[in-house]
Amino acid sequence: MIFMEIGKYYAPETLEEAYNLFVESKDNKIIGGGAWVKISLKRVEKLISLDQLKLDYIQENNAYYEIGAMTNLRSVETNENIKLIYSGILNQAISNIMGVQIRNLATIGGSIMGKFAFSDLIGVLLVMDAKLEFYKLGEISIYEFLDLKKIPEDILLNIKIPKRDSKGYFKKVSKTHLDFSIINIAISKGKNFIIAVGSRPGIAQSAINTANYLNSQTNFTEEILDKACDIAIDELTFGSNLRASKEYRELLVRTYIKRGIRQVIK
Ligand SMILES: Cc1cc2nc3c(=O)[nH]c(=O)nc-3n(C[C@H](O)[C@H](O)[C@H](O)COP(=O)(O)OP(=O)(O)OC[C@H]3O[C@@H](n4cnc5c(N)ncnc54)[C@H](O)[C@@H]3O)c2cc1C
């Protein structure tokens with residue numbers, strides 16, 4: 001087994017110190033839960049832990065649920081308040097990731113900053129219209145984050161989920177429970193539809209034209225749903241990899257977008 005070599009380990013007590021260490025050199029890295037970093041990096045000069053920065057919390061105010069970036073996935077998954085919003089899709093998406101041991105370790109911040117194409121969370125956060133708060137960059141939407149060409153050299157502090165009276169749907173299709181998604185689909189419906197498809201095999205993408213089309217409809221007949229699926233296939237890009245072909249992914253999207261729409265309009 002290959003282990004990551006670490007020059008020096010730091011656990012700063014202020015954000016400023018953590019940030020300054022991070023931007024000092026490209027060879028310095030931040031560690032969240034470390035589940036991914038430890039298997040993907042060979043050598044790090046300065047490894048900067050965020051453990052001491054009090055970024056492990058789930059709290060709420062009138063407008064948002066706020067999840068600290070260092071909150072582990074298991075804590076989000078089992079949080080009773082988070083289960084109540086968007087039909088519990090964030091909890092469902094997390095509960096499909098590996099085993100409890102990994103979910104106890106991996107953080108929500110690391111799950112976003114990895115910008116993983118296979119991510120089951122990014123699509124869910126898209127349809128929840130989540131906002132991300134960074135130390136230097138300030139607050140940006142998850143849409144803006146995905147549009148950035150590079151992952152920002154910054155520290156993600158927290159994730160804000162707007163409190164809306166929306167229903168949600170999430171589906172992960174994978175060969176086994178422990179495998180990455182072949183495709184994942186997230187849909188929310190409050191005033192409007194929001195639809196995101198991930199692991200296409202690219203990172204989650206929002207199906208904006210499909211949502212606009214559905215938002216202009218009042219009667220969701222089979223024909224309307226078929227047309228919505230045509231628009232989704234047309235506007236999203238799909239590809240083939242070792243997990244599945246482009247054609248199979250498109251078939252899955254047709255099936256689950258329809259099921260998802262039916263579920264959120266009930
Ligand atoms: C074996 C395995 C299987 C997995 N399967 C799935 C799956 O099926 N579906 C899925 O969605 N996910 C899956 N994941 C990903 C997992 O859910 C986490 O997203 C991943 O482990 C990253 O979280 P972490 O806390 O471990 O981050 P780390 O490994 O610590 O960090 C990941 C990246 O984010 C950066 N980072 C971490 N926190 C911050 C921060 N606050 N600010 C700035 N940068 C930061 C790190 O520098 C690094 O670049 C899997 C992971 C593993 C190890």
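The model is predicted. The domain assignment of the protein chain gives three entries: domain 1 (5-52), domain 2 (58-162) and domain 3 (167-265). An open sheet of three strands and a packed pair of helices, α10 and α11, are then taken in turn.

**Domains**

- Domain 1 covers residues 5-52, domain 2 covers 58-162, and domain 3 covers 167-265, according to the domain assignment.
- Between the C-alpha centres of domain 1 and domain 3 the distance is 36 Å.

**The three-stranded sheet**

- The strands of this open sheet are arranged in the order β1-β3-β2, and their pairing is parallel.
- β1 (5-10) and β2 (29-31) are the edge strands; each has a single partner strand, so one side of each has no neighbour in the sheet.
- On average, neighbouring strands of the sheet are turned by 35 degrees against each other, with direction ignored.

**Pairing within the sheet**

- Five bridges link β1 and β3, which pair in the parallel sense.
- Y10 has I48 in β3 as its bridge partner.
- β2 is joined to β3 (residues 43-49) by three bridges, and these two strands also run parallel.
- Opposite K29 stands L47 of β3, while I31 faces S49 in β3.

**The helix across the sheet**

- Helix α1, made of residues 15-24, lies across β1, β2 and β3.
- The direction of α1 is at about 165 degrees to that of β3.

**The helix pair α10 and α11**

- Helix α10 spans residues 208-215 and helix α11 spans residues 222-235.
- The two helices pack at an angle of about 160 degrees, and their axes are 8 Å apart.
- Angles over 145 degrees count as roughly antiparallel, and α10 and α11 are therefore roughly antiparallel to each other.
- The crossing of α10 past α11 is right-handed.
- On the α10 side, the contact is made by I208, N209, T210, Y213 and L214.
- On the α11 side, I224, K227, A228, I231, A232 and E235 take part.
- By residue class, this contact of α10 with α11 has seven nonpolar, two polar and two charged residues.

Definitions and conventions: Residues are numbered from 1 along each chain as its sequence is written. This is a predicted model: local features need pLDDT of at least 70, side-chain atom pairs count only at pLDDT 80 or more; totals for chains, interfaces and linings use all residues. Side-chain values use heavy atoms; hydrogens and water are left out. Two strands pair if DSSP finds at least two bridges between them. Helices (H or I, at least four residues) and strands (E, at least two) are DSSP runs, numbered from the N terminus. Axes are lines fitted to C-alpha atoms, for helices over the stretch in contact, and angles run from 0 to 180 degrees between N-to-C directions. Contact means heavy atoms within 4.5 Å. Domain bounds come from an automatic or database domain assignment. Angles under 35 degrees count as roughly parallel, over 145 as roughly antiparallel, 65 to 115 as roughly perpendicular and the rest as oblique. A crossing is left-handed if the near helix is turned anticlockwise from the far one by less than a right angle, and right-handed if clockwise. Ala, Val, Leu, Ile, Met, Phe, Trp, Tyr, Cys and Pro count as nonpolar, Asp, Glu, Lys and Arg as charged, and the others, Gly among them, as polar.
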